[in-house]
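Here is a short report on the structure shown below. Keep the view open while reading.

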Amino acid sequence: MANLRESSDKALKLLRTLPRVQIGNLRPNPNSKQNDKRGRAQHGGDKHGAGNKGSGQRQNFMRLGYETGNQPFYLRFPYEPYYKGHHLRRQYPPLSLLQLQVLIDTNRIDISQPIDIATICNSGLLTLKPAELEYGFQLTDHGLDNFKAKINIEVQHASEAVIAAVERNGGVIRTAYYDPRCLHILANPKKFFQKGVPIPKRMLPPQDAVAYYTDAKNRGYLANPEEISKERLVLAQKYGYELPRIEEDPQYEMLTAAKDGRQLFYGLEPGWLINLVDKVIVKPKET
Amino acid sequence: MAATTKLTLWPKLSQQLIRLINTQPALHSNFRSSKVVEPLDQYPEVEIVHNAPEWKYVERLLPPRIVPQPKPKESYPSGWQPQTANASERSYYIARTKNHMVPVYLHTRFRGQRRLTVVRRVQGDIWALERDLRAVVESARNGKLCASRVNELSGQIYFHGDYVDVLRDHLKSQGF
């Protein structure tokens, strides 16, 4: 007994100098792990779990899906192309109104200027990958009730409730299409300027996106502006809020700032070349 | 005679053929594969504008070099709020992250079977903080006990289960 106490004392003494017992330096209980190697000798190497006789004993592993002569399950039903062209569809990664409000509260986005893809990407918290068929951001309705900012924002997709949430605060929302090349530039404008290449022209939307971006209900950038102002009023009546008058707003100029359908950056025209080193703009002369 | 000419011609030809098959055209860098400069009158006329009034639009497109400091405001509708706790008031302190967020995270392991709530960036008396936070978690569990682990070396506390929102709200209410 005394011997046992002595050894346990020794163990405890040793434990004090050892690192803390935690998940990283524990080892499995003895005999809890099975040996990976199979025995080869008379009784160690009997069946190795492969059973007695037949296909099983020969370890004749059949190919995946093969049902020993039956029509295999994976061939039993005719093919239905549910996901045809799925890998080619345009994607719009979500940006929720809550996220946007956090970005504004933490001073990552300046709401005294119009917001577009470049502003969102320059915040450093969201990225856009045009190479993975991401065609811009969609503004989603999470945090809709707590959204209180007056902004001029341009996104690529927005639902009706989101449009109402932005316009209720006296803001302006627009949905606009950018072709992948322009998206690549907008995802990192500084890198593009450093290349020393003229700003390209923005392409028009593809055929299947024209209907969306010419619809005033979606606040499309190709829609008739008069129709949009009418739809703003209609939406205000539908959701039951009084539409703030932008004409009387002190930030009228910022709120009505919009890009041309062929323009990539606010205030900068296609064909111009930006020199960041000399702080010079090279403009082609008009002929 | 004919045989000797064949022999002399053959190695050259074969070498050329092999080079054709085995080598691709060299992929030069952007600079080397760019077009050669043509005479200047072939290019369109340009105007170089110094101090252009449009330069403000360019500056707007350049990202900030460091994470901007949040400006003090009357209200923060998103629920985010700046840190108000003073490090000297309590025996412990939790620093905000570089993005000015409360460092409480959810670790999911084993395909979501195990969920751990991690409180990071703890300074000072981590054991006192663990006692306080454990009381919060246990009240959220209707008084049931909860497992926790303290790593005082790295300043982290682990709680078993998903109590991210509970702990983050509690820490915010304490001013951290």
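## Conventions

Helices (H or I, at least four residues) and strands (E, at least two) are DSSP runs, numbered from the N terminus. This is a predicted model: local features need pLDDT of at least 70, side-chain atom pairs count only at pLDDT 80 or more, and totals for chains, interfaces and linings use all residues; side-chain values use heavy atoms, with hydrogens and water left out. Residues are numbered from 1 along each chain as its sequence is written, while chains are lettered from A and ligands numbered from 1 in the order in which they are written.

## Chain A overall

Chain A has 10 helices and 7 strands. Its C-alpha atoms fill a box of roughly 95 × 65 × 50 Å along the principal axes. The radius of gyration of chain A is 32 Å, whereas a compact globule of 287 residues would have a value near 19 Å. That radius is taken over C-alpha atoms, and the globule rule is 2.2 Å times the number of residues to the power 0.38.

Of the 287 residues in chain A, 37% are buried. Buried means under 20% relative accessible area, exposed over 50%, and partly exposed in between (1.4 Å probe, protein chains only). Chain A exposes about 18900 Å², with 52% of it from carbon and sulfur atoms. Such accessible areas come from the Shrake-Rupley method with a 1.4 Å probe; for residues, only the protein chains shown count as cover. Contact means heavy atoms within 4.5 Å. Among contacts in chain A between residues at least 6 apart in sequence, 58% join residues at least 24 apart.

## Interface between A and B

The contact takes 35 residues from chain A and 33 residues from chain B. Together the two chains bury about 3100 Å², 61% of it on carbon and sulfur atoms. Buried area is the accessible area (1.4 Å probe) that two parts lose on being put together, summed over both. On the chain A side, A:D105, A:N107 and A:K283 lose the most area to chain B, together 19% of what that side buries.

## A sheet across two chains

Which strands form the open sheet of 3 strands? The order is β6(A)-β7(A)-β1(B), with antiparallel pairing. Two strands pair if DSSP finds at least two bridges between them. The edge strands are β6 (273-275) of chain A and β1 (46-50) of chain B, each pairing on one side only. From one strand to the next, the twist averages 20°. Axes are lines fitted to C-alpha atoms, for helices over the stretch in contact, and angles run from 0 to 180 degrees between N-to-C directions.

Strand β7 (residues 280-284) of chain A is joined to β1(B) by 5 bridges. Within this pairing, A:V282 has B:I48 as its bridge partner. B:N51 has a positive phi of about 50° although it is not a glycine. At 75% relative accessibility, B:N51 counts as exposed.

## The sheet in chain B

Chain B also holds an open sheet of 4 strands, in the order β3-β4-β7-β6, with antiparallel pairing. β3 (104-109) and β6 (148-151) stand at the edges with a single partner strand each, so one side of each is left without a neighbour in the sheet. Strand β4 (residues 114-119) is joined to β7 (residues 156-160) of chain B by 4 bridges. One bridge pair is B:T117 with B:F159.

Helix α3 (residues 126-140) of chain B lies across β4, β6 and β7, running at about 25° to β7(B). Helix α4 (residues 164-173) of chain B touches β3, β4 and β7, and its direction makes about 165° with that of β3(B).

## Local features of chain A

Helix α5 (residues 160-168) of chain A has buried residues A:V162, A:I163, A:A164, A:A165, A:V166 and A:E167. They pack against α3 (97-105), β2 (138-140), β4 (157-158), β5 (172-175) and α9 of chain A. Just after α5(A), A:G170 takes a positive phi of about 85°.

Is A:R219 buried or exposed? At 2% relative accessibility, A:R219 counts as buried. A:R219 lies in the loop between α8 (207-213) and α9 (225-239) of chain A. Its phi is near 55°, a positive value in a residue other than glycine. A:N29, in the loop between α1 (2-17) and α2 (54-57) of chain A, counts as exposed at 60% relative accessibility.
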